[in-house]
Amino acid sequence: MKETIEKKYIEKKRLVKKVFRNELVEYVEVYYVDSSTNEEVYFKAIEKENKLRYLDAYKAKIGLLTSEQIKNIRKKYDLSQREYSFALGLGEITVHRYEKGAIQSFGDNQLLLLSKDAKHFLTMINENQDCFDSQRYEEIVSGLQKYLLLEKHRIVSLDELYRIKGSFVTADVEDIAAHIYGNYQKNIIDGSEMNVMKMQKMLYYLQGLSVYYFNCHAFEEDFYTSENGPYLKGLNSIPHYKEKVYLSEGMYHLCELLISAYGKYECSYLAKLSLEEFGFDGKEKIISIENIKRYFKSIYQ
């Protein structure tokens, strides 16, 4: 809408309070003024957008999913509004209405909430299989199964990555390994020791998150395929102690997140997980940093 409004109109925002269904609702309303007269200008499309903001504010106030949240769940599974309605066992245009601002019942809201979990949603699809032709049903189920596989590999959440502050600079791999080892031993709950293979996996996941989120190598060394998943050729032992390690603030916080998220898993599980990501055909091959970045991008997008 903004692209169609002439440049002489200036966008402004204001906090609006209204009572709707006995609830005081607050939301930010967008409006435009004429730059030459400073008078407010009416646009029908903007009025519709403000009404949706108003209704979404009410939904959020009483604990319902907003129109935008409903749309995001549907898009996560790459479904049309009609398909999403059928998958939930609802009427053909129900999701369309909810995304346009109609206020869903608490019962329907519970269905929508359950559908956020891909496993629950797959069950819903199966229960409402008759609403789809066989080809489309198989496509949806296949897409969900792929999504679930990627979800298993999404051990660190995007919200956790977003909270990392500070600059991120490529570091020496031995500095990183020494830091991970020292902090792992301080924080690990079950008392298990860090071994070389587990360190290999920790460094692999650190590199993947680094190139995906920070668009920067954590370290320069290359990974190779193996029967135990990606590994670094030069790391045959763990540098248990270094008097000084040089890590940027962003790298330090990412390492802490890595220890918290991946450190609790057994070495064998991390090896199996990484092998699913980059398989081994019996011949050792270098894994390009572009392929690592591409894979982690597929997980988080």
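This is a predicted model: local features need pLDDT of at least 70, side-chain atom pairs count only at pLDDT 80 or more; totals for chains, interfaces and linings use all residues.
Asn215 is exposed, with a relative accessible area of 57%.

Asn215 sits in the loop between H10 and strand S4, residues 223–224. Its phi is positive, at about 55°, although the residue is not a glycine. For context, most residues other than glycine have a negative phi.

H10 covers residues 196–214, 19 residues in total. From its first C-alpha to its last it reaches 26 Å, close to the 27 Å expected at 1.5 Å a residue. H10 is mostly covered, with 15 of its 19 residues buried. Just after the helix comes Asn215, with the positive phi already mentioned.

A positive phi also occurs at Asn22, where the value is near 65°. Asn22 lies in the loop between strand S1, residues 9–20, and strand S2, residues 23–34. Asn22 counts as exposed because its relative accessibility is 76%, and the cut-off for that class is over 50%.

Finally, I come to a pair of helices. H5, residues 106–115, packs against H6, residues 118–127, at an angle of about 115°, and their axes are 7 Å apart. On the H5 side the contact is made by Leu111, Leu114 and Ser115; H6 contributes His120, Phe121 and Met124.

Key
Residues are numbered from 1 along each chain as its sequence is written. Side-chain values use heavy atoms; hydrogens and water are left out. Helices (H or I, at least four residues) and strands (E, at least two) are DSSP runs, numbered from the N terminus. The expected span of a helix is 1.5 Å times one less than its number of residues. Buried means under 20% relative accessible area, exposed over 50%, partly exposed in between (1.4 Å probe, protein chains only). Axes are lines fitted to C-alpha atoms, for helices over the stretch in contact, and angles run from 0 to 180 degrees between N-to-C directions. Contact means heavy atoms within 4.5 Å.
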